[in-house]
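Hi there,

Here is the structure I promised to pass on to you. Please open it beside this email and follow along as you read.

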Amino acid sequence: MVIKKRQILWDWTNTPGPTNPGIPDKINQVPFGDNSPVASLVNWNSWVPPELKDRAPFRPMVRVLENTRSQDWDMIQNSKYPIILYFNEPERAGISPEQARDIWYGQMLPLRKNKGKKLGSPAVASDDNGRKWIEKFMSLVSNDPPDFLCLHYYSKNPNDAIKYIQDMHQKWPQHKVMVTEIACIDRNYPTVINFTVQICNWLDSQDWVFEYGLFDFQRQVADGFVSPAAQLMDVNGNFTELGKMYVHQQPMKAPGAANVFISLNAVADGDFEVEASDDAKAGEPVSHDASDATVETLGASEAAENGGLVEFSIAAALSPDQQKALNIHNDKRKGKGLKPLAWDSQLAKDAEIYAKHLAQIGKLQHSSGDQRPNQGENLAGASSSNTPLAMSASLWIAEEKNYHGEPIGQGDFGSYGHYTQCMWKSTTKLGMGSAKDGKGNVYIVGRYSPPGNFTGQKPY
């Protein structure tokens, strides 16, 4: 059964106007219909985009004070659509809770009483000012509250987003929630993918969430706060990979087979070039396609401190699987003119210990940087394998086809980052370990020292 909760946040610049040619045909990329998760469309205005062609409900918005008068207000009053949204981040537009209350009673409530409309609350930012504003407003209209509690949330951590939305719902549990703007602001694409997949699937599963809108479908990044890595539309108006996932997938997931999955941890000393002042942080595993596998990739973590170096010992003899995994790495490195990696028994021991931990918790989850100083980490898993180390090495190396010589952080890092760690010029040592859980699933850990995948650098 399709869950229809997703709003299309369709920027007004997509619609043709006197000074704006628009890209109206690009809306045809949205799969409207009963089998689509798309529920409605919002453009932060009172006017309906003609290109919508009534293929989904429109949500008119009284966004600012100007919309409460003249032609904008006429369109709101005459709207045929059943839900009207109220102010957008009023605390940042200089609108007080008292002012919003007066307009609520003078203009908004008559829409409900006389025309049968359902009303959304003002949607505030999730900072302290926003929270204080909405708390005051809701107390002022407690006798005639909105039908929906509208929220915004931007962050890098999906768990923080979930907690905020839950907390706000618990304050006013009698109201269905509309999350009318939400997005990851991390500049690391894999982290954005993970955030989006986790949040959308969670929102779809909550019966008290009425609708939500991922920010947003427009050709340009809205401002310096919004992450370019989270764009749903490119400069030509074509939906990005993330945009396609949002309108097509339910539950959201990355393409690939379900029985094999691989994951890496990239080490970075900076962030995406687009905004180098904002340091990247590690996220949770997300999925990307790598040949026939579902590839799960973590975002960049902090660079290892030189003071965290540990002593390593070189193994004298390797098992057939260990030797084959090492050979797979070194055969490819030789082809690139790189020095071979040496198998390190301490790295392998550390990898096996962590693989056992993953088997216990039953999921891929990267260790923290302080748990593996001066080590990079690739993770993988399979429903079964007799040669798990070689299998994982082969999958990681197979990503070569996705790498085109760009600096780390550019292009589709999630599709090549495993390969670049394997090929990192300054990496000299490798250790791998594996463990099975009670169901026979195999978890594989690769450890590399010194680590690779520094943002802005190339592997060789």
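Below is what turned up, going from the sheet to the helices.

Please keep in mind that this is a predicted model.

Let's begin with the sheet. Five strands make up an open sheet, in the order S2-S1-S7-S6-S5, and their pairing is parallel. At the edges stand S2 and S5 (148-155), each with a single partner strand, so one side of each has no neighbour in the sheet. On average, neighbouring strands here are turned by 25 degrees against each other, ignoring direction. If you are new to sheets: strands pair through backbone hydrogen bonds, either parallel or antiparallel.

Now look at one pair of strands. S5 and S6 (residues 176-184) run parallel and are joined by eight bridges. Tyr153, for instance, has Ile182 in S6 as its bridge partner. Helix H4 (residues 158-171) packs on the sheet and touches both S5 and S6, and its direction makes about 160 degrees with that of S5.

Next comes helix H6 (residues 241-248), where Leu242, Gly243, Met245, Tyr246 and Val247 are buried. What covers these buried residues? The cover includes strands S1 (6-10), S2 (38-42) and S7 (209-217), along with helix H5 (189-205).

The crossing is right-handed. Among the residues that meet there are Ile328 and His329 in H7, and Leu389 and Trp396 in H9. The residues of this contact divide into eight nonpolar, three polar and three charged.

Enjoy exploring!

How values were computed. Residues are numbered from 1 along each chain as its sequence is written. This is a predicted model: local features need pLDDT of at least 70, side-chain atom pairs count only at pLDDT 80 or more; totals for chains, interfaces and linings use all residues. Side-chain values use heavy atoms; hydrogens and water are left out. A crossing is left-handed if the near helix is turned anticlockwise from the far one by less than a right angle, and right-handed if clockwise. Helices (H or I, at least four residues) and strands (E, at least two) are DSSP runs, numbered from the N terminus. Contact means heavy atoms within 4.5 Å. Ala, Val, Leu, Ile, Met, Phe, Trp, Tyr, Cys and Pro count as nonpolar, Asp, Glu, Lys and Arg as charged, and the others, Gly among them, as polar. Buried means under 20% relative accessible area, exposed over 50%, partly exposed in between (1.4 Å probe, protein chains only). Two strands pair if DSSP finds at least two bridges between them. Axes are lines fitted to C-alpha atoms, for helices over the stretch in contact, and angles run from 0 to 180 degrees between N-to-C directions.
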